[in-house]
Amino acid sequence: MDRDALNVADGPVAPPPARWTAIRRVLEPRGAEIRQAARLLVSVLLSDLLARVVHLHEPVWSVITSVIVTQSRITQTLTTGRDQIVGTLVGAGAGLLAILMVQTGILPDWVAFWLALTPLALLAAARPNLRFAAVTLMIVLLFPISGDPFLRPLDRIASILIGVVTSLVVTMFVLHDAARGDVLTASGRLIADIADLLDRALRGELDHDTIETIDEACRTHLQEIYGAVAEARVEGLRILRRKADPLLDVLPGLLRRLRGSAVFAARAATEAGELPSVDAALDAERRALARVLSQLSRRCARAARGRRRISREDAATVLAVLLPPGPSWSQPMQFTLGMLHEDLERAVEAVWSDGAAHPYAETKKSGG
């Protein structure tokens with residue numbers, strides 16, 4: 001039996017590209033968790049190496065600090081790092097003062113510790129972001145010290161600061177540049193929820209409480225969008241380069257307006273007694289909104305994965321199915337649907353043009 005026959009008998013073997021595609025499909029949903037795990041490991045490794053290179057006696061404090069400070073988002077890491085640095089300096093000052101009082105014989109060690117801890121506890125109660133001051137005081141005073149009573153505490157403080165700086169650098173530059181995709185992913189989910197809200201409302205399936213429940217989920221998506229936009233603005237020190245992203249500048253505000261208009265329209269359709277009298281117009285409106293919102297949601301989801309050539313249809317073709325509310329609708333419904341169409345048109349034009357078609361940037365940051 002020749003080699004070709006053996007290969008046929010063993011069955012087809014998946015080519016390497018197919019294997020890599022399967023692996024990527026398994027790992028892609030967990031991409032954020034994998035990147036964070038890699039950042040944490042790199043931060044721990046570098047902080048330990050740096051502490052050893054400068055010959056610190058207790059590099060463990062650098063490693064522990066890097067674990068505490070390294071967060072999944074740059075904005076969270078910046079906040080935690082700032083709090084850690086300020087708390088370290090305040091706690092270090094209190095600790096060194098306590099050591100001085102003990103060394104000069106003014107107070108016994110336990111009295112000096114409690115005298116230094118009490119104001120730090122009050123400070124942490126009033127300003128929770130300064131809780132690290134009490135932690136630093138305990139690191140300086142409570143762990144055994146050999147040799148110079150001031151040298152080892154300073155060594156520990158240096159270790160903590162090295163851990164903070166390393167975490168900030170790693171979080172800023174290692175395996176990031178994903179926040180823009182997070183914005184678009186959350187936007188796609190929000191638009192899908194808006195589509196579901198309008199479809200069910202125009203079918204007459206919702207009451208006031210259900211609309212509020214769906215709206216709460218939409219508000220949660222908006223918060224995710226705003227958080228991801230803030231993240232995108234500081235990734236890779238973009239905040240220093242002042243590199244604008246037109247779509248991210250306008251998209252949160254547009255989606256906030258679209259959510260408000262959709263909730264307004266859903267409440268009007270549910271509570272104003274419109275549904276029994278406009279069956280044909282209602283069905284046409286529902287299908288048109290569902291089509292446009294579905295295309296908009298898919299566009300955001302696919303753009304989040306970096307696909308530029310997404311659709312051959314331009315924004316005008318997508319929006320062509322939306323017709324002005326006719327005379328069969330009451331005046332309140334004509335107003336609400338007109339406002340909804342206007343906000344939907346702005347969102348579609350902005351997403352299809354990557355922000356270039358929208359004439360103004362967002363000015364308000366409230367949830368609306």
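## How two helices pack

A crossing of helices is called left-handed if the near helix is turned anticlockwise from the far one by less than a right angle, and right-handed if clockwise. By that definition, α5 and α6 make a right-handed crossing. Helices here are DSSP runs of H or I at least four residues long, numbered from the N terminus. This is a predicted model, so local features need pLDDT of at least 70 and side-chain atom pairs count only at pLDDT 80 or more, while totals for chains, interfaces and linings use all residues. Residues are numbered from 1 along each chain as its sequence is written, and side-chain values use heavy atoms, with hydrogens and water left out.

Back to the pair itself: helix α5 spans residues 74-103 and helix α6 spans residues 109-126, and their axes come within 9 Å and cross at roughly 160°. (Axes are lines fitted to C-alpha atoms over the stretch in contact, with angles from 0 to 180 degrees between N-to-C directions.) Angles over 145 degrees count as roughly antiparallel, so that is how α5 and α6 run relative to each other. On the α5 side, the contact (heavy atoms within 4.5 Å) is made by V90, G91, A94, A98, M101 and V102, and α6 brings in D109, A112, L115, A116, L120 and L123. Sort these residues by type and you get 10 nonpolar, one polar and one charged; Ala, Val, Leu, Ile, Met, Phe, Trp, Tyr, Cys and Pro count as nonpolar, Asp, Glu, Lys and Arg as charged, and the others, Gly among them, as polar.

## Salt bridges within a helix

A salt bridge puts a side-chain nitrogen of Lys or Arg within 4 Å of a carboxyl oxygen of Asp or Glu, and the count here comes to 15. One of them joins R200 and D196 at 3.7 Å, N to O. These two sit four residues apart in helix α9, about one helical turn. Both R200, at 26% relative accessibility, and D196, at 36%, are partly exposed (buried means under 20% relative accessible area, exposed over 50%, partly exposed in between, with a 1.4 Å probe and protein chains only).

Helix α10 (residues 208-232) holds R219 and D215, also four residues apart, and their side chains meet at 3.5 Å, N to O. Here R219 is partly exposed at 33%, whereas D215 is buried at 3%.

## Reaching further

R180 and D354 form a salt bridge too, at 2.8 Å, N to O. R180 belongs to helix α9 (residues 179-202) and D354 to the segment after α15 (331-352), 174 residues apart. D354 is partly exposed, at 32% relative accessibility. There's also a network of salt bridges, linking D199, R203, D283, R286 and R287.

Key. Angles under 35 degrees count as roughly parallel, over 145 as roughly antiparallel, 65 to 115 as roughly perpendicular and the rest as oblique.
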